[in-house]
Structures are given as C-alpha cells and as structure tokens.
Amino acid sequence: MTRYAMVIDLNTCVGCNACMAACAMENQTPVWKNKWRTYVHEKEIGTAEEVRRRFLPRLCNHCDNPPCLTVCPTGATYQRDDGIVLVDPERCMGCRACAMACPYDARYEVTYGDIKTGREFYGDLKRESPSMDKCSFCAHRVDKGQKPACVETCVGSARMFGDLDNPADPVARLVASGVAQPLMPYLGTRPNVYYIDDMKRKG
Amino acid sequence: MDTMTYTTQNIWTWWIAVYLFFGGLGAATLTITFLTDMYCRPHRKLVLWGAISGVVLLAASSAVLFGHLLHHTAVIYVLNPLVLFYKPDAWIAWGTQFILWMMVWGTLYALPYMRETPAFLRLPLVGKLIGSRLAGWLVGCCMKHRRVVGWLAAVNGIGTAVYTGLLIQSFPAVALWHNPGVPLLFTVSAFSTAFAYLLLLLHTFITDENDQDLRHRYERFDLVLIATELVILFSFFSYTLSGSESGYRSAQLLWGDLGWLVGFIGFGLLVPFLLELKGAIRGWSSRLPTVAAALLVLMGGYLLRHYFMYAGVYAYPW
C-alpha cells in the first residue's frame, strides 16, 4: 500500500515563492485574486537585534481524517487509497462547508468569473465548472511517477515527497524519527504534511 | 512553529445566519402548530399559519443558501434522497432532506384544512390544485393517517432545528462552534423564537378569545426556553474563558461587543423574559408588552446566529 506525505524543512525554505508559481502554472489557480493551492507565509519573529524571519509554506494536509471530506454534502471531496484528498469540480456545488471545516485554510473558491478570467490568463483552461479548490498533491503528476510541481521546483530542497508505507523512503524515515511533526495534531485530523522546525537562526 | 495567527472567517457570514435563523424558526413553528393541533385541540387557523410559515421560511432560507452556491446545478446531488446512503456523515445532506420532507409532509398535513378554507380555494392556481380530484384523494389519505403525517412533518421539523446547530458544530478548528452545546443552544433558540412568533400571531392575526389558554401555554413554554437559553449561554461563557486560545478570543469578541451584550443578551433575552414573566404571573392589561416581547425574542434569535458566525476564531500556526 502507498500512503503519500510531504515533509517541509523550515530551515531550508528561503521564501522565494517558486513553489507558489510552479503550482499556479501547473494547476491554473486564480492568482489574480491572490488565491493559491500553496502559499508561503512570512513572519518576523522577535524584536530589535533578535529579530528573525520565518517562512512557512502551507498547503492541503491531505489528512487521514479530513474534516472537509466529512462535511462535503455531495461527495465531491473524496480520498484515494493512497491518501490523496481530491475535489471533483463537477460534483461540488460550492457550499464552502469544506473551507469552514479545514483548520489549515487550504480551500478557496473558483467562481464562474474566475473561469472566464482563467481562459484569458492561462489560454487553455482545464477547468469547466466552478467549485471549491485545493492542493491535489499534483495527483496527475504523481500517477505518472513524477513529483508534485512545488517539490520539483523547490530551490532549497525544502519540500520532500514520499511514501510513508515504505520504510526506506527518506520521508518515512524523517516522520518516523519524530524530527518532522504535523501541524495541530490535537485536532484529530491526522495530517500528512510534516514540518521540520527551524533552528531559530537570524537571517 | 512557535507563532500563531488568530482570525475570524469571512466565508459564511450574514447569509448563513439568515439561513440558520429562518430554518430553525420555520421548522419549529410548523412542529409546534402540528403538535398543538394533534394533542391540544384541532386548530385550523394555527395549522395553516404554521404550515405556510414553515414552508415559506424554509423556502426563503434555502433560496438564500442556493443563491450563494458556486455551482448551482450540482445541487441535484444533495436533493437526491439517496445522498443519505452515500454521504451519511454530512450534516448538510441530512439538513436538505429534513427541509424537503418537512415541506412535503407539512403541506400534506395542512391540505385538509386548506380544502375547507374558501380563501385558498379562491386563489388562481392553488385553488384549482386543492379542489382537484387528486387533492381530494390525498386529503382522504391524510385524514385516515392524520397522526402519522403530523409526526412525519414534526420529526423532520425537529431534525431541521437540530441540524442548524450540528452544521456549525462540525467545524473542528473553532472552539466556539465545535462543542456539543451548539446544537442544544440552536434547538432551544429555534423553539423559543417559534413560540414568540406564534404569540405574535395569536395577538395580531388569530385573535380568537378561545385561544387564551394557548397564549398562556405558549408564553410559559417560551419563558422556560429563554431561561434554558440563558443557562446554556452562561455555560458557553464559562467554557470559552479557558481551555483554548480560540475559545478565549471568541469570548472576548462576543462579551466585549455591545451588540451581543445589550442587543442579544439584554433586549433579545432578559427584557422579553421579564415581560413574559410578569405576563405569566400577573398578566398584562394590554397585549402590547407580549407583542413587544415576541418581537424582541425574534430579533434576538437572529442576533445569536449572526454573532456566532462572526465570533468563530481560527488559530493558524503561521
């Protein structure tokens, strides 16, 4: 069995936002209204001499117990056997309950207007229907044996993608070692995106 | 990952508050009037008002939600009753079915009364439909199984009222919403506003002297429900003060806002409670205080849902 997960090393993320750009081009997201499948949050922590910048890339956590899937009334949100959580735009009625349920702010809306703008912006737009949208771990690339676009493009190799059920996979080893931790595990969502905390260096 | 951002949402705003308010009020109104008709005494006018209010309010609330959907044609998946088999974990699926079937059984329960009301028979299209042979056959069936139809409508009505709270409870990131008190609070509020709405009707449009016992009974029920709501709200206050930062920030937003404190707690609960208490103990010489109390409870019902939606705080680790 395969169970996909991502590990993000906050020590090597330099905040270049290349992941956001690669994802936007790959998945044709509505960037004109600042909506992204993955987003890099930048924060200044501390004061005066002790201040440091921290970049935290955020995306859908492809939870094992996804609240967005539970609340979805039409069955548009579904989970594959490999753990990837997907949205079927044809089936999604856009009630936004998934956005309310997601603790990781991973969902955004794609409207009729966005589809129109998207055709002008991207040319050949793959999407036909408006719906709620989110990161798909680039399932279409993963199925072809490729890595997600954000992982492929990351200049600092901050993003790693792998199979948790393969003990030899570096991602599985990082997670098993406890170095990589999920966000807000106490919510019971069992996320599959893990973070290696930064060393709090000045930079 | 030692920083957090706390923020409220702007996804489900006033229109969901309207959806929840109209949904709870309409469902509870229909349920109360049908139970009154079945177990207190047959009351044609009350059932007609209850059924029409229920159907109109539920249709209005559903229209508000439908209008805000991103992909309107996909609503067909949730209108299909089979949705309960493939999505039994989604409260919106249950809520949609409760609303639909409450309207169907509610209309059927009221049909015999509609058929004997000249005003309905005079209506252009509705009159023809009600007077048709099919409607006559349906009336016969409904009269034969009166209580079954009444209870089917009432169960779906109660389900709708409870659903409005379960829907908000299903969002785990927000402490104010994700707790078992929410369905209880919203159900109590739905029935309290429904009793207030019916008191308003019984003092304005259904002014029969024989209904004095109903007015007293409804007023007492509403008093108990307002008192229960106050106890639940106090529990919420206590619960949100400690335990999680999300809850604490929600408490600060709610209890630091005059609209919540004075508008909802003061004028939406305490003032009508005192007015109805005086009415229940000593009575009023005029119907004005009871009408004012009912209007205030209805205002409070909306404010509760409005502030609840705006005070939900998400805690993001970035």
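Predicted model: local features only at pLDDT ≥ 70, side-chain atom pairs only at ≥ 80, totals over all residues.
Two notes on the ground rules: residues count from 1 along each chain as its sequence is written, and chains are lettered from A in the order in which they are written. Local features need pLDDT of at least 70, side-chain atom pairs count only at pLDDT 80 or more, totals for chains, interfaces and linings use all residues, and side-chain values use heavy atoms, with hydrogens and water left out.

**Exercise 1. Work out the strand order of the open four-stranded sheet in chain A, and what lies across it.**

Step 1. Get the strands: they are DSSP runs of E, at least two residues long, while helices are runs of H or I with at least four, all numbered from the N terminus. Two strands pair if DSSP finds at least two bridges between them.

Step 2. The order reads 8-1-10-9, with mixed pairing. Strand 8 (159-163) and strand 9 (180-182) of chain A sit at the edges, each pairing on one side only. From one strand to the next the twist averages 30°.

Step 3. Zoom in on strand 1 (residues 4-9) of chain A: five bridges join it to strand 8 of chain A, and the two run antiparallel. Tyr4(A), for one, has Asp163(A) as its bridge partner.

Step 4. Angles run from 0 to 180 degrees between N-to-C directions, with axes fitted to C-alpha atoms, for helices over the stretch in contact.

**Exercise 2. Describe how helix 11 and helix 12 of chain B cross.**

Step 1. The axes of helix 11 (residues 212-241) and helix 12 (residues 245-255) of chain B come within 7 Å and cross at roughly 130°.

Step 2. That makes helix 11 of chain B oblique to helix 12 of chain B, since under 35 degrees is roughly parallel, over 145 roughly antiparallel, 65 to 115 roughly perpendicular and the rest oblique.

Step 3. For contacts (heavy atoms within 4.5 Å), Leu233(B), Phe237(B), Thr240(B) and Leu241(B) of helix 11 meet Gly247(B), Tyr248(B), Ala251(B) and Trp255(B) of helix 12.

**Exercise 3. Find which elements of chains A and B line the largest pocket.**

Step 1. About 570 Å³ of space lies in this pocket; a volume is the space filled by probe spheres set on grid points joined across faces, edges and corners.

Step 2. A pocket is an open set of points on a 1 Å grid over the protein atoms alone, where a 1.4 Å probe fits, with protein on both sides within 12 Å along at least five of seven lines; lining residues have an atom within 4 Å of a point. Of the 22 lining residues, Lys35(A), Asp105(A), Arg107(A), Asn10(B) and Ile11(B) lie nearest the centre.

Step 3. Strand 2 (39-45) and strand 6 (108-110) of chain A, together with strand 1 (5-8) and strand 2 (313-316) of chain B, each give two or more residues.
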